[in-house]
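Trainee: Could you walk me through this model, one feature at a time?
Mentor: Gladly; let us open it together.

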2 protein chains.
Amino acid sequence: MTELLSAAALEAELRETGERRYHHLHPFHRLLHSGGLSQTQVQAWALNRYYYQSRIPHKDAIIVSRLPDAASRRIWRQRLIDHDGDDADEGGIARWLRLAVGVGLDQDYVQSAAGTLPATRFAVDAYVNFVRDRSLLEAIASSLTELFSPGIIATRVAGMLANYDFVSPDTLSYFNNRLHQAPRDADYALAYVKANARTAAEQQSVITALRFKCDVLWAQLDALYSAYVAPGHIPPGAFLADAQPELAR
Amino acid sequence: MTELLSAAALEAELRETGERRYHHLHPFHRLLHSGGLSQTQVQAWALNRYYYQSRIPHKDAIIVSRLPDAASRRIWRQRLIDHDGDDADEGGIARWLRLAVGVGLDQDYVQSAAGTLPATRFAVDAYVNFVRDRSLLEAIASSLTELFSPGIIATRVAGMLANYDFVSPDTLSYFNNRLHQAPRDADYALAYVKANARTAAEQQSVITALRFKCDVLWAQLDALYSAYVAPGHIPPGAFLADAQPELAR
């Protein structure tokens with residue numbers, strides 16, 4: 001049924017997938033960016049997304065471990081450097097931690113991941129397992145959500161600064177670096193899948209991998225919305241604003 | 001900090017974990033059992049839980065593959081027989097499929113798992129991966145939610161028959177067998193962990209494994225509630241009552 005697409009048509013399909021399924025469409029993000037969340041709800045977002053951030057270098061190291069040649073490994077290795085930094089105060093994870101502390105969370109509590117929603121863990125771990133268990137082509141394709149992140153980052157930074165008095169430019173510094181890292185990374189991954197998806201089935205697997213990754217991001221926001229917005233069913237053991245200092249000990 | 005517990009004290013801890021974290025406490029189950037759901041919502045439950053059922057023999061086969069002696073493998077093998085049956089019309093999965101068709105779903109659509117919520121997949125796959133990646137003791141302990149299932153089954157069958165005119169005793173026949181299988185299986189697993197958790201750390205790992213499994217069940221109901229009850233955000237691509245026949249083709 002599926003036919004071999006030109007590289008340009010494959011790219012168009014991927015961009016359309018993002019337009020329909022990327023989490024910029026999720027109602028939680030609309031609330032986050034428009035000032036519709038309480039500080040506790042923003043904390044829940046920062047806390048849960050920390051778990052996602054903390055797994056990214058694991059995911060990227062798996063991809064490096066699977067790349068066949070030194071040239072491509074060197075390129076992908078940059079993601080490890082970007083995320084883990086050169087010392088404890090640097091890199092994307094450290095900057096996300098500053099964001100979490102900046103919105104009022106306890107650093108040890110965030111790093112313990114004790115209050116993370118189980119659904120966040122399941123979705124994020126599914127992503128790491130996908131990258132380990134599927135073809136290298138699919139593993140690389142699943143990173144293509146970064147094609148769509150500059151747009152959401154611009155909206156987010158402007159919206160959060162305008163709408164929350166507990167958010168400062170320094171708190172959001174994580175996103176400054178992502179604005180140039182994400183397009184560079186996405187360009188490489190997009191060129192890779194366009195060059196390496198050589199059959200209709202491989203092209204389909206690339207589209208399915210991007211759809212899977214959109215599901216991973218979407219499910220994290222569904223879980224946040226369900227626990228902390230409506231209906232507000234916080235699962236047993238997950239982050240509660242009042243219990244935070246106690247849970248942190 | 002943790003001390004070695006007697007076998008009886010370990011069992012008491014496990015039972016208390018179930019009292020606080022098993023999914024009989026989840027508001028979705030209260031709605032399901034009391035007649036508070038529409039037929040479409042019951043369909044969403046049956047469809048998503050089919051994915052869970054369909055993965056159980058994978059989980060049990062992994063455990064069989066890890067058991068060191070023929071005697072324990074023979075005992076655990078019974079779960080494969082119970083679930084997969086001796087032919088296509090038999091066993092727990094076939095009976096769950098009858099339940100799904102009985103509440104009005106298309107059999108091919110259910111078996112395709114196309115409408116399954118991503119969050120259901122992530123939670124269920126996390127369970128299968130847990131059983132593969134953790135210690136054998138933890139893998140076996142994660143099955144201990146079956147200690148608590150007879151209570152919920154009795155409530156469910158009585159409640160659903162009383163409250164939904166689209167549910168018949170035949171539709172619910174899956175649960176008849178579970179009423180004697182689950183206690184037999186749980187007794188074996190409980191005796192195993194009581195005999196084999198010999199250090200405080202191992203006992204703690206058993207309790208954590210049960211807590212993890214409770215999270216797996218809870219997250220599935222959170223996802224159902226969020227998508228199909230409130231706020232009713234159905235993620236892209238998931239089951240929609242009206243779209244079912246179309247999606248099934």
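Trainee: Which residue meets Glu138(B) in a salt bridge?
Mentor: A salt bridge is a side-chain nitrogen of Lys or Arg within 4 Å of a carboxyl oxygen of Asp or Glu. Here the side chain of Glu138(B) meets that of Arg134(B), at 3.4 Å from N to O. Before we go on, note that this is a predicted model, where local features need pLDDT of at least 70, side-chain atom pairs count only at pLDDT 80 or more, and totals for chains, interfaces and linings use all residues. Residues are numbered from 1 along each chain as its sequence is written, chains are lettered from A and ligands numbered from 1 in the order in which they are written, and side-chain values use heavy atoms, with hydrogens and water left out.

Trainee: Is Glu138(B) buried or exposed?
Mentor: We read this from relative accessible area: buried means under 20%, exposed over 50%, and partly exposed in between (1.4 Å probe, protein chains only). Glu138(B) has 13%, so we call this residue buried.

Trainee: How far apart are the closest N and O atoms of Arg184(B) and Asp185(B)?
Mentor: They are 2.8 Å apart, and the two residues form a salt bridge. Arg184(B) is partly exposed, with a relative accessible area of 36%, while Asp185(B) is buried at 8%. In chain A, salt bridges that share partners join Arg79(A), Asp82(A), Glu146(A), Arg178(A), Arg184(A) and Asp185(A) into one network.

Trainee: What parts of the chain does the pair Arg79(A) and Asp185(A) tie together?
Mentor: To name parts, we use helices (H or I, at least four residues) and strands (E, at least two), which are DSSP runs numbered from the N terminus. The side chains of Arg79(A) and Asp185(A) meet in a salt bridge of 3.9 Å, N to O. Arg79(A) lies in helix H4 (residues 70-84) of chain A and Asp185(A) in helix H10 (residues 173-196) of chain A, so the pair ties together parts 106 residues apart in sequence. Both Arg79(A) and Asp185(A) are buried. Over all chains, a search of the whole structure finds 24 salt bridges.

Trainee: How many salt bridges cross the interface of chain A and chain B?
Mentor: The rule finds 0 there. To see who takes part, we look for contact, meaning heavy atoms within 4.5 Å. By that test, 23 residues come from chain A and 23 from chain B.

Trainee: What is the area buried between chain A and chain B?
Mentor: Buried area is the accessible area (1.4 Å probe) that two parts lose on being put together, summed over both. For these chains the value is about 1900 Å², and carbon and sulfur atoms give 68% of it. Phe122(A), His233(A) and Pro236(A) supply 32% of the area that chain A buries against chain B, more than any other three residues.
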